[in-house]
Amino acid sequence: MIVALFFRESGSLTPKYPLSAQLGLGSHSPQITEADDGVVVTIGEVEHPMLAIHYIEVIEIGLDDGTTMTVHLYPGMKPSAFFKVSLSNVKYVKSKCSVHGWTTTYL
């Protein structure tokens, strides 16, 4: 079942999120950026929806030495997390969507 989310704007219905995000197309791909003292992981080429019925529950990174770091997210939050690690030490990024399950990306 596909549920499309819309809001009313100037008398017409406008999609709240792009259809590709609603269908999960590209919305689970991690975007990793270096920060001054770590990395920021954001889920989605277009930010993943963070609604009560559809949101990113967990972002996890795995490091070369076997260490894992996990951030739990909740509806209404941004689908991103900061980790105080060097990008060169990150082996993989995992995220868990409440609707679509786990996605893993190896670096």
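1. Throughout this note, buried means under 20% relative accessible area, exposed means over 50%, and partly exposed covers what lies in between, with a 1.4 Å probe and protein chains only. By that scale Glu57, at 21% relative accessibility, counts as partly exposed.

2. The model is predicted, so local features need pLDDT of at least 70 and side-chain atom pairs count only at pLDDT 80 or more, while totals for chains, interfaces and linings use all residues. Residues are numbered from 1 along each chain as its sequence is written, and side-chain values use heavy atoms, with hydrogens and water left out.

3. On the four-stranded sheet: this open sheet has the order β6-β5-β8-β9 with antiparallel pairing, where strands are DSSP runs (E, at least two residues) numbered from the N terminus, and two strands pair if DSSP finds at least two bridges between them. Because β6 and β9 (101–106) stand at the edges with a single partner strand each, one side of each is left without a neighbour in the sheet. The twist averages 15° from one strand to the next, with axes being lines fitted to C-alpha atoms and angles running from 0 to 180 degrees between N-to-C directions.

4. On the pairing of β5: strand β5 pairs with β6 in the antiparallel sense over five bridges, and with β8, also in the antiparallel sense, over seven bridges. Gly62 has a bridge partner in each of these strands, namely Thr68 in β6 and Tyr92 in β8. Ile59, for its part, stands opposite Val71 in β6. The hairpin of β5 and β6 has four residues between the strands, and in this hairpin Gly66 takes a positive phi near 95°.

5. On β8 and β9: these strands run antiparallel and are joined by six bridges, and a hairpin connects β8 to β9 through three residues. Ser95 counts as buried because its relative accessibility is 2%. Leaving aside neighbours within four places in sequence, Ser95 is in contact (heavy atoms within 4.5 Å) with His28, Ile43, Ile56, Val58, Ile59, Gly101, Trp102 and Thr103.

6. On the three-stranded sheet: a second open sheet has the order β3-β4-β7, with antiparallel pairing. Its edge strands are β3 (30–35) and β7 (80–83), each of which pairs on one side only, and neighbouring strands are turned by 20° against each other on average, direction ignored. Strand β4 (residues 38–43) is joined to β7 by four bridges, and Val39 stands opposite Phe83 in β7.

7. On salt bridges: the structure holds three of them, a salt bridge being a side-chain nitrogen of Lys or Arg within 4 Å of a carboxyl oxygen of Asp or Glu. Asp37 forms one with Lys84, with the closest N and O atoms 3.5 Å apart. This pair links distant parts of the chain, since Asp37 is in the loop between β3 and β4 and Lys84 in the loop between β7 and β8, 47 residues apart. Asp37 counts as partly exposed at 44% relative accessibility, whereas Lys84 counts as exposed at 61%.

8. A further salt bridge is formed by Glu47 and Lys78, whose closest N and O atoms are 2.9 Å apart. Here too the pair links distant parts of the chain: Glu47 is in the loop between β4 and β5 (56–63), Lys78 in the loop between β6 (68–72) and β7, and the two are 31 residues apart. Glu47, at 34% relative accessibility, counts as partly exposed, and Lys78, at 51%, counts as exposed.

9. Glu57 forms a salt bridge with Lys96, the closest N and O atoms lying 3.4 Å apart. The partners are placed in strand β5 and strand β8 respectively, 39 residues apart, and the pair links distant parts of the chain. Lys96 counts as partly exposed at 28% relative accessibility.

10. On aromatic rings: the charged end of Lys94 sits over the ring of Trp102, 4.6 Å from its centre, the criterion being NZ of Lys or CZ of Arg within 6 Å of the ring centre and within 35 degrees of the ring normal. A search of the whole structure also finds one aromatic pair, for which the centres of the rings of Phe, Tyr and Trp (its six-membered ring) must lie within 6.5 Å, with planes under 30 degrees apart counting as stacked, over 60 as edge-to-face and the rest as tilted.
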